[in-house]
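Please open the structure in a viewer and keep the selection panel at hand.

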Amino acid sequence: MSEKFDVIVVGAGPAGTSCAYTCAKSGLNVLLIERGEYPGAKNVMGGVLYRKQMEELIPEFWKEAPLERPVIEQRFWMMDKESVVSFGYKGLEWAVEPYNNFTVLRAQFDQWFAGKAVEAGALLINETVVTECIVENGKVIGVRTDRPNGEVYADVVVLADGVNSLLSKQLGFHKEFRPDEVALTVMEVINLPKEKINDRFNLEDNQGCTIEIFGDSTKGNLGTAFLYTNKESLNIGVGTTLSSMINAKMKPYELLDYLKNHPMVKPLISGGESAEYLAHLIPEGGYRSVPKVAGNGVIVIGDAAQLVNAIHREGSNMAMHSGLLAAESIIEAKHRGDYSEASLNLYREKLYDSFIIKDLEKYKDAAHTFEKYPQYFKEYVPMMNKAMSKFFTVDGTPKRDKQKQIMKSVTSERGTLRVIQDIYRAWKAVK
Amino acid sequence: MHIVVCVKQVPDTKIIKINPKTNTLDRRSAPAILNPYDAHAVQEAVKIKELTGGSISVLSMGPPQATAVIKKSIEIGADRGYLITDRAFAGADTLATSYALSKALERINKDHPVDMIICGKHAIDGDTGQVGPGIARRMDIPPVTNVIEVTEVNQKEKTVLLKRKLTNGYELIQSELPCLLTVEKEINEIEYSPMPNMIEAARYEPIIWAVSDLENVDRAQLGLKGSPTIVGKMFTPPRPEGGKKLEGSADEQVSQIMEVLMEKKDLFTLQPSK
């Protein structure tokens with residue numbers, strides 16, 4: 001008879017590791033199964049790790065975790081073909097403890113984080129694919145892996161198997177996600193000497209900068225691009241919903257090449273050496289795409305539960321927090337000795353009561369609005385660029401006349417009524 | 001049957017970079033792995049154990065993180081693992097390494113008499129192939145290198161029949177036990193480890209010995225002190241020239257390549273062995 005654990009966690013990303021760590025720390029017998037060669041080997045994100053949710057798990061983690069740079073400046077670019085309207089915030093309060101957020105390289109960070117779960121007592125097994133949940137009398141009682149004698153049993157199976165979550169799909173928790181519910185993001189890690197990064201981004205050694213780029217970075221399609229500074233490399237990437245990519249017949253690598261050669265971006269990355277090329281799907285369906293998250297003997301967390309806030313590029317923090325909530329619910333279920341859906345639904349309650357679902361609910365229409373009405377990215381970003389150019393060009397025209405001209409060009413391009421409609425619609429989507 | 005397999009943690013040389021200035025390996029650029037030949041050595045021990053019963057120990061020397069290759073060996077099917085780790089071992093060449101390992105083997109042999117030692121043909125970072133035979137010499141047992149098949153193990157007669165790879169064929173050798181084998185990759189295929197092995201390995205705590213845990217050790221023969229090897233110069237071999245591209249129809253290309261091959265046919269004839 002194969003061994004039985006209290007908890008089996010499938011997937012050693014931020015969600016799974018957070019859950020495994022918390023369960024193991026409270027003395028549960030935990031098995032953490034990862035398909036990659038090591039945790040992080042197959043995990044991808046743009047690169048921003050938020051302090052708050054990580055700190056809840058491991059206080060003062062920044063003293064030992066492999067982080068790149070604390071982010072002290074966040075810039076937002078509305079980019080046109082040969083111009084950019086930029087705003088942002090830089091603050092030195094983010095350069096000191098406890099910091100705000102950090103850039104990280106996931107291959108290193110995830111490995112370290114999983115190591116903490118192992119230290120807490122979880123058993124980590126790499127290079128092993130879970131092929132299905134073992135279901136008996138309507139209850140998940142373990143998992144089947146692709147290894148010989150591959151069955152392992154547990155009171156609770158936690159599915160942290162990422163965006164496509166084939167395992168929760170097998171259980172009928174969700175259907176195949178539609179192309180407008182997922183974004184395809186491609187990114188490169190570009191090596192560049194520390195001094196060059198500091199000069200180009202106006203930073204000191206232990207300071208980082210993030211730039212989110214809208215508009216021409218996705219050729220006006222729904223999506224964003226990003227450029228983040230690591231210690232001695234840059235993360236540059238771009239993503240749009242899969243549906244936009246299909247409709248516009250764009251290839252992701254072409255989009256990334258376009259971005260890298262954009263006159264606003266090129267000088268920042270020039271002379272760098274491409275070290276890694278990564279691509280991944282991101283669950284961006286939001287509130288309406290969140291599947292069933294608890295069943296008899298099973299819980300779904302992180303990307304597998306579609307917990308990503310695309311508007312605020314938050315995902316890993318939600319993943320970690322969902323892992324923590326799942327662990328708390330499992331620990332309570334253990335006290336009750338009841339792992340039924342009714343018992344594990346405590347996790348669902350906690351999740352819906354947390355910032356995670358509240359934030360997703362707030363933006364439940366945002367992606368839909370911006371995809372259905374492409375004018376925000378396609379027309380307003382260029383319009384803003386033109387307006388700023390006009391406003392700041394000193395040509396003897398009185399400023400008041402300039403403002404009038406700008407307003408006139410906006411309303412004549414889109415029509416007054418439509419502009420008002422657009423503003424109202426956008427406000428409604430994000431209010 | 002008690003088999004001891006000697007294993008080494010090495011940087012993955014498939015991806016490692018070489019610092020162009022110093023010509024040394026940039027060890028940070030590549031993950032540390034179980035030397036691939038040693039993985040085959042462990043796998044062969046598992047195959048032999050399936051026939052003869054008994055147990056498999058693995059032995060490694062290295063820094064504390066080398067416990068990773070012992071765990072990897074447990075995944076493949078070893079029963080227990082020893083790591084000898086101590087500042088005094090640092091900087092060892094093949095002479096000092098084989099000395100330290102033979103001292104650990106003496107202690108293992110005292111607790112569980114050893115019938116066979118298996119090593120990989122060589123480690124992919126040094127490529128010397130000297131540690132295996134060095135251990136055999138020190139332990140005064142026969143070394144059999146470049147083994148591609150363990151044909152027969154006769155526990156009663158305490159003999160083993162082995163197939164050795166030669167440049168122009170192979171050689172069958174019968175050896176008495178205990179003996180030391182170094183194995184080639186083609187000796188077996190690494191099997192996909194069963195789940196219970198994975199769980200056992202994740203849980204396994206290797207036995208760790210320092211110099212003080214070994215008996216009758218002459219410290220002068222350990223580590224850098226015991227290593228007469230001097231590295232004179234290191235360089236990266238130049239990349240080979242681009243070669244010649246054959247043009248024309250398939251038939252023309254075939255006749256061209258045949259001409260080239262005929263010109264160089266001496267390279268392909270078998271040389272009589274000595």
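**Chain A as a whole**

The model is predicted: local features need pLDDT of at least 70, side-chain atom pairs count only at pLDDT 80 or more, and totals for chains, interfaces and linings use all residues. Residues are numbered from 1 along each chain as its sequence is written, while chains are lettered from A and ligands numbered from 1 in the order in which they are written.

Along the principal axes, the C-alpha atoms of chain A fill a box of roughly 85 × 50 × 35 Å. Of the 431 residues in chain A, 48% are buried; that is, 20 or more other C-beta atoms, placed from the backbone, lie within 10 Å of the residue's own (12 or fewer: exposed; in between: partly exposed).

**Lys292(A)**

Next, select Lys292(A), in the loop between β15 (273–283) and β16 (294–295) of chain A. Lys292(A) counts as partly exposed because it has 15 C-beta neighbours inside 10 Å.

**The contact between chains A and B**

Finally, show both chains. Eleven residues from chain A and nine residues from chain B form the contact, which requires C-beta atoms, placed from the backbone, within 7 Å. On the side of chain A that touches chain B, strand β7 (residues 123–125) gives the most, with three residues.

Conventions: Two residues are in contact if their C-beta atoms, placed from the backbone, lie within 7 Å. Helices (H or I, at least four residues) and strands (E, at least two) are DSSP runs, numbered from the N terminus.
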